[in-house]
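Please read the following report alongside the sequence and the three-dimensional view.

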Amino acid sequence: MTIDSKNMLSSILESISRIDYIKPGQIPNIDLYMDQVTTFMEEGLERTKRYSEDKILTKTMINNYAKNNLLPPPVKKKYSREHILTLIFIYYFKNLLSIKDIEILLEPITSKYFGSDSDFSMTDIYEDVCALEKSRIDSMAKDIARIYKTSLDTFADAPKEDQAMLQNFSFICSLAFDVYVKKQVIEKLIDDMPKPEPKKK
């Protein structure tokens with residue numbers, strides 16, 4: 001198994017540099033029906049798919065999020081800009097956290113700012129979070145490059161024909177360890193948050 005280290009690292013760093021998010025200005029200013037929501041999310045987050053046939057959000061998913069108190073219910077079957085922002089947060093969290101954890105995490109945000117007349121809004125929260133994440137891309141890319149280069153120093157004593165495969169495994173393990181540790185921290189923070197009151201049926 002032969003891996004061109006330089007090309008692989010360049011490809012990884014290029015994909016990180018292309019990470020983007022749906023801008024609040026791209027979200028329609030009118031309320032949307034379910035089909036319009038799924039179409040908007042599909043188009044806006046298409047680049048995050050691993051496989052072209054993957055679905056970003058389905059009607060069933062959205063209905064389940066509302067049923068499990070992650071998403072406030074639509075008004076007259078229409079979803080507002082705040083629904084879209086909440087769904088974007090859910091989309092990213094669901095790859096890492098349980099439904100219950102997402103509910104605990106989002107409940108204080110949606111209960112206070114969803115549909116609020118306050119000067120500080122769901123849009124402000126979304127913009128601040130996205131700006132913070134965007135500002136970290138360069139440092140994350142450098143950290144991944146460092147981990148990758150470190151992985152190339154592993155398995156020096158392994159059979160020559162297996163070194164590239166084992167070094168790739170080492171790289172993946174290092175990245176997975178980062179995710180594991182950060183997930184533990186996130187779960188600890190969520191465990192320390194107040195639990196939402198059960199919703200009345």
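What percentage of the residues in the chain is buried? Of the 201 residues in the chain, 31% are buried, and this value, like the others in this report, is computed from a model that is predicted.

**The chain as a whole**

The secondary structure comprises 8 helices and 2 strands, and from the N terminus on these elements follow the order α-β-α-α-β-α-α-α-α-α. Along its principal axes, the C-alpha trace spans about 65 × 35 × 30 Å. Among contacts between residues at least 6 apart in sequence, 67% join residues that are at least 24 apart. The chain exposes about 13,400 Å², of which carbon and sulfur atoms supply 55%. As for charge, there are 29 positive and 31 negative side chains, and the centres of the two sets lie 4 Å apart.

**Helix α6**

Helix α6 takes in residues 122–135, and its 14 residues should span 20 Å at 1.5 Å a residue, which agrees with the 20 Å found between its end C-alpha atoms. Within α6, the residues M122, T123, I125, Y126 and C130 are buried. An α-helix has 3.6 residues a turn, so residues three or four places apart point the same way. The face of α6 turned away from the buried side carries the exposed residues D128, L132 and S135, while the cover over the buried residues of α6 includes α4 (81–93) and α5 (99–113).

**Two single residues**

| Residue | Relative accessible area | Class |
|---|---|---|
| L45 | 2% | buried |
| D178 | 26% | partly exposed |

Where in the chain is L45 found? L45 sits in the loop between α2 (34–44) and α3 (59–67), and, leaving aside neighbours within four places in sequence, L45 is in contact with I22, I56, Y91 and Y92. From L45 to K142 there are 97 residues in sequence, and the two are 25 Å apart in space, C-alpha to C-alpha.

D178, for its part, lies in helix α8, which covers residues 163–191. Leaving aside neighbours within four places in sequence, D178 is in contact with D143 and I147.

Terms used
Residues numbered from 1 in each chain as written. Predicted model: local features only at pLDDT ≥ 70, side-chain atom pairs only at ≥ 80, totals over all residues. Heavy atoms only, no water. Helix = DSSP H or I, 4+ residues; strand = E, 2+ residues; numbered from the N terminus. Buried < 20%, exposed > 50% of the residue type's maximum accessible area, 1.4 Å probe, protein only. Contact = heavy atoms within 4.5 Å. Areas by Shrake-Rupley, 256 points an atom, 1.4 Å probe, with all protein chains shown as cover. Lys, Arg positive; Asp, Glu negative; His and termini not counted. Charge placed at Lys NZ, Arg CZ, Asp CG, Glu CD. Expected span 1.5 Å × (residues − 1).
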